Amino acid sequence: MMTGVAEQNGNTDGTGGTEATVDRDAGTKEPLAAAQIANIRQRIDEIDGTLIDLWQERARLSRQVGATRMASGGTRLVLSREQEILERFRAALGADGTQVALLLLRAGRGPL
């Protein structure tokens, strides 16, 4: 059964759904814009899932590097490598990139 925008958005006050209400999820009264926003958000959710998967894989690999390095008599950390990663992220993403890199490094090696 097809319903009006107002009814889809919880307008069950008997007005027949003739007044469009703001779609709380999309933040707009326009049905086409709301559909477009839903499609874009679906892609964002897919990207978020990929980022989470990659984050977890990177952390696992980083822990493997650290364990291998320490098992062979090396140091727990290689600060020059961490600086290289920080600079790569800063160059690509600006100040926020530095914060992202710091979080990635921590996920892989733990807190200092």
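User: Which helix gives the most to the lining of the second largest pocket?

Analyst: H2 does, with five residues. This is a predicted model: local features need pLDDT of at least 70 and side-chain atom pairs 80 or more, while totals for chains, interfaces and linings use all residues. Residues are numbered from 1 along each chain as its sequence is written, and side-chain values use heavy atoms, without hydrogens or water.

User: Which residues line the second largest pocket, and what is its volume?

Analyst: The lining is Leu51, Ile52, Leu54, Trp55, Arg58 and Leu104. The volume is about 180 Å³. By class, five are nonpolar, none polar and one charged. Arg58 belongs to the lining, and Arg counts as charged.

User: What makes a space a pocket rather than a cavity?

Analyst: The way out decides. On a 1 Å grid over the protein atoms alone, a cavity holds points where a 1.4 Å probe fits but cannot get out; a pocket is an open set with protein on both sides within 12 Å along at least five of seven lines, and lining residues have an atom within 4 Å of a point.

User: Why is the contact of arginine 109 with glutamate 82 called a salt bridge?

Analyst: A salt bridge needs a side-chain nitrogen of Lys or Arg within 4 Å of a carboxyl oxygen of Asp or Glu. Here the closest N and O atoms are 2.6 Å apart. The contact therefore qualifies. Arginine 109 lies in H4 and glutamate 82 in H3, so the pair ties together parts 27 residues apart in sequence.

User: How do you know whether arginine 109 and glutamate 82 are buried or exposed?

Analyst: Compare their relative accessible areas with the cut-offs (buried under 20%, exposed over 50%, partly exposed in between; 1.4 Å probe, protein chains only). Arginine 109 has 18%. Glutamate 82 has 12%. Each value is under 20%, so both are buried.

User: Where do arginine 43 and glutamate 46 stand?

Analyst: Arginine 43 has 48% and is partly exposed. Glutamate 46 has 40% and is partly exposed too. Their closest N and O atoms are 3.2 Å apart, in a salt bridge. Both lie in H2, three residues apart, about one turn of the helix.

User: How many salt bridges are there, and which residues form a network?

Analyst: The structure holds five. Arg81, Glu84 and Arg88 are linked in a network. Arginine 88 and glutamate 84 meet at 3.4 Å, N to O. Both are in H3, four residues apart.

Terms used
Grid points are joined across faces, edges and corners, and a volume is the space filled by probe spheres set on the points. Helices (H or I, at least four residues) and strands (E, at least two) are DSSP runs, numbered from the N terminus.
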